[in-house]
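Dear colleague,

Please find below the structure that I am handing over to you. My findings follow it, and I would be grateful if you read them with the structure open beside you.

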Amino acid sequence: MNMKKYTADTMVEAMQKVRADFGDHAIILSSNVVESKGFLGLFKKKSVEVVAGYDTPKQPSTRLNTRESLQADETSETTKQLKNEMAEMKKLLESMKYAPPVELSQFPDELQTMLRYLKKQGIADEVITEIGNSMFTYMKETKQDLTIDMQLEHVKTFFKEQIEAFPFGGISFEKKYINVLGPTGVGKTTTIAKIAARTLLEKKKKVGFITTDTYRIAAIEQLRTYANLLQAPVEVVYSPSDFKAAIDKFAHLDYVFIDTAGRNYKESKFVEDLKEIVDFTLDMETFLVLSMTSKEEDMRVIIEQFKAFQIEKFIFTKMDETNSIGSLFNLMNEYHSGVAYYTNGQEVPEDLEEATVGNVIDLLLEDLSDARSS
Ligand SMILES: Nc1nc2c(ncn2[C@@H]2O[C@H](COP(=O)(O)OP(=O)(O)OP(=O)(O)O)[C@@H](O)[C@H]2O)c(=O)[nH]1
Ligand SMILES: [Mg+2]
C-alpha cells in the first residue's frame, strides 16, 4: 500500500489533496486536528492532518474453479476495508460538524468582557471567534485600544449586517388567515390572543378564532375566554370538513386567527395530523412559536420538523424568563429566518413586541451594562 501524509486548513481541503493523488480509491488511515503554537499564544491555528493510502488492486483471476472462493475472499476484504473507511469518515464528519469551542483566552484582555458576555448570552462559538478576530484585527491595524463603547458599536454593526436581510415585523395584514404552530406550552394561544387583540383594538378590524386544539377542554376554554373579552367568534374544529365549515362561516371577517394544539412535534405523526386538519393552501401566514426558555438543540429539532410548512417568521416567547437570548440569533442565522414578534410576559395584549433588527440587537446587548460594572 502507498501511504502519504497531508496537512491542510480544513478537512475538505485535505480530502481534495488526497483525491488529487489517489483518486476515489484512497483509504483514510488516520486523521487528526493539530494546533500550531502560534505567536505569544495568539493566532493559534488549527489544521488537519490526514494519512491516506492507496492499495494496488489485485489482478483478476482467470482460474474458473477458484473464482467463487477468490471473490468471496476479495469481497470480505473489500467489505472490511470499506467498513473501516466508512467508520473513519463518520468520525471525521462528526468532528467537522461541530466547530471547535472558542478559546476566549486567545484574545486580548480588553475584549474579554464583551466576548464573555456574548458567550454567556449563548451566541455560537464560531460567531464569537469571528467578532473577536475582527476586533483584534482592528486594534492591530489602527494601533488603537477599543473601549467597551467602541466594542459595543462594533458588535451592533456586526449583528446588524448579519440579520438585516431577514424579514422582521408582525403580521402583514395582507393575508386573512394567521396561523401559529409550535410545541406544547410555548405560548401559542396567549400570543395569538395578543395579536388578535391588537388587530381588533388598533386596526379596528373584525377578527375571529379557529382552534384545532381539541385535545384538552381547558385549551378550548382558554381561547374562548380571550375571544369573549374581544367579543370575537370562535370555532372549534375536529376534522377537515369542520375546518372548511368554519372558513365559510367566517367569510365576513377581516382576519381569522388559527390556534393549533401543542404536541410533541419531535414525532412526525403529529406534524402529519396538523397538515390534515388545517388547509394550508389558504391565503395564510404561518408562524412558528418557540419559547426562549427551551434548549437551542430542541428548538432546532422542532424547526427541522416544521420545514414541511411555509413558515413566515419565528415568534419568540418568554423573553422575560431568561437572560440569555443568543439562541435567537443562532437560529435566525442558521435558518435565514426573521422574527415577527417577541413576547415578554403573560399579559394580553400588552406583553407583545413587534420585532425589528434594532430592538432584537438591543435586547441581546442590554445586560452588558451589568457585565461592565461587575
Ligand atoms: N413569562 C411568560 N409566560 C408566558 C409568555 N407567553 C405565554 N406565557 C405563559 O405560558 C403558559 C402557556 O401559554 P399558552 O398560550 O397556553 O401556550 P400554548 O403554546 O398555547 O400551550 P399548548 O396549547 O398547551 O401547547 C401560560 O401560563 C402563559 O401565560 C411570555 O411571554 N412570558
Ligand atoms: Mg394553546
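**Helix α11 and its surroundings**

In helix α11, which spans residues 326–335, the buried residues are Ser327, Leu328, Phe329, Asn330 and Met332. After α11 comes His336, which has a positive phi, near 50°.

Please keep in mind that this is a predicted model.

Strand β4 (residues 177–181) runs parallel to β7, and 4 bridges join the two. Ile178 has Phe257 as its bridge partner in β7.

**Asn264**

The loop between β7 (255–259) and α9 (268–277) contains Asn264. Is Asn264 buried or exposed? Asn264 has 10 other C-beta atoms within 10 Å, and a residue counts as exposed if that number is 12 or fewer; Asn264 is therefore exposed. Leaving aside residues up to four places away in sequence, Asn264 touches Thr184 and Phe270. Gly182 is 82 residues from Asn264 in sequence, while their C-alpha atoms are 9.0 Å apart in space.

**The shell around ligand 1**

Ligand 1 is surrounded by 21 residues, of which Gly187, Thr189, Thr190, Gly262 and Thr343 are the closest. Which helix gives the most to this shell? It is α6 (residues 188–203), with 3 residues. Sorted by class, the shell holds 12 polar, 6 charged and 3 nonpolar residues.

**Confidence in the model**

The average pLDDT of the chain is 86, and 85% of the residues score at least 70. Over residues 38–43, however, pLDDT stays under 50, and the model has 5 contacts for this stretch beyond four places in sequence. Residues 57–70 also have a pLDDT below 50, with 4 contacts in the model beyond near neighbours in sequence. Where pLDDT is low, predicted coordinates should not be read in detail.

Yours sincerely,
A colleague

Methods. Residues are numbered from 1 along each chain as its sequence is written. Chains are lettered from A and ligands numbered from 1 in the order in which they are written. This is a predicted model: local features need pLDDT of at least 70, side-chain atom pairs count only at pLDDT 80 or more; totals for chains, interfaces and linings use all residues. A residue is near a molecule or strand if its C-beta atom, placed from the backbone, lies within 6 Å of it. Ala, Val, Leu, Ile, Met, Phe, Trp, Tyr, Cys and Pro count as nonpolar, Asp, Glu, Lys and Arg as charged, and the others, Gly among them, as polar. pLDDT is the predictor's confidence in each residue, from 0 to 100. Two residues are in contact if their C-beta atoms, placed from the backbone, lie within 7 Å. A residue is buried if 20 or more other C-beta atoms lie within 10 Å of its own, exposed if 12 or fewer, and partly exposed in between; C-beta atoms are placed from the backbone. Two strands pair if DSSP finds at least two bridges between them.
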